[in-house]
Amino acid sequence: MPLDEYRRKRDFSKTPEPSGDGKPRARRGGKPKPLYFCVQKHLASRLHYDLRLEHDGVLLSWAVPKGPSLDHRDRHLAVRTEDHPREYGDFEGVIPEGYGQGIVMLWDYGAWSPEVDDVGEALGKGDLKFALDGYKLKGSWALVRTRDRPDTSPSQRGRSWLLIKHRDFWSGALDITAFAPLSVKSEGDFDDILAADLPDVWVTGRAAARGGATGKALREIIEKAAAKKLARDDRESAP
Ligand code: MN
């Protein structure tokens, strides 16, 4: 079962993430439906971008710490993570505790198409070529698995890939994560997503107590979110 690892890591009484128990949508005949992809910007213990490609009813997933780059010379680490349910694809919100605790932003989505004959075989070989047609990411890309180092732990073996933009009309020097940092679902930033959700929990929660750059970024986001929520509450309670 491809979603076992996904479910094992989560307590669905505590996280707003979908459990993936929903019936897979029946495919009607006729033209094949385009395959869905998304990138979720995830401020967890560290900021990363989760690239997800629909395949065989689930979302194949890679966590890309630096995010996607449009520069064909870049090779950004992409760590293969557990398959996610298809319903996860438009999730945006706050994971208050547990695995993946943090804020999830739907940073991009659209259709993807394999540029290989057989996706399963390409995954096995560790060389998947594909095209993206999102709001931010377009054109031809590759995910290439790297060789494990001798000290790679058994659980991490085979998980290390590189995300590479092929040189095409859509490649270039534009820093897409800086140029287009916001949500394609809510148009907001992390603090807006938090303000729409549970900033109170977070102000007092242990999430704010984290050290390092992530902790600092998070404290700023929490402050902004609390201010936005306050302004909104004031507006709503105004006569
Ligand atoms: Mn993640």
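Metal donors are taken as N, O and S atoms within 2.8 Å of the metal (3.2 Å for Na, K and Ca), and sites may look incomplete because water is not among the atoms. The model is a predicted one, in which local features need pLDDT of at least 70 and side-chain atom pairs count only at pLDDT 80 or more, while totals for chains, interfaces and linings use all residues. Side-chain values use heavy atoms, with hydrogens and water left out, and residues are numbered from 1 along each chain as its sequence is written.

The donors of the manganese ion are spaced as H-x5-H-x1-D along the chain. They are His42 (ND1), His48 (NE2) and Asp50 (OD), at 2.2 to 2.3 Å from the ion. Relative accessible area is classed as buried under 20%, exposed over 50% and partly exposed in between (1.4 Å probe, protein chains only). His42 is buried at 8%, and His48 is buried at 15%.

A nonpolar core is a set of buried Ala, Val, Leu, Ile, Met, Phe, Trp, Tyr and Cys residues joined through side-chain atoms within 4.5 Å. The largest has 37 residues, of which Leu53, Trp62, Phe130, Leu137 and Leu143 touch the most other members. Another core, apart from this one, has 11 residues, including Tyr6, Tyr88, Phe91 and Leu106.

Tyr88 and Phe91 are both buried. Rings of Phe, Tyr and Trp (its six-membered ring) pair if their centres lie within 6.5 Å, and count as stacked with planes under 30 degrees apart, edge-to-face over 60 and tilted otherwise. Tyr88 and Phe91 form a tilted pair, 5.3 Å centre to centre with 40° between the planes. Ring pairs join Tyr6, Phe12, Tyr88 and Phe91 in a cluster.
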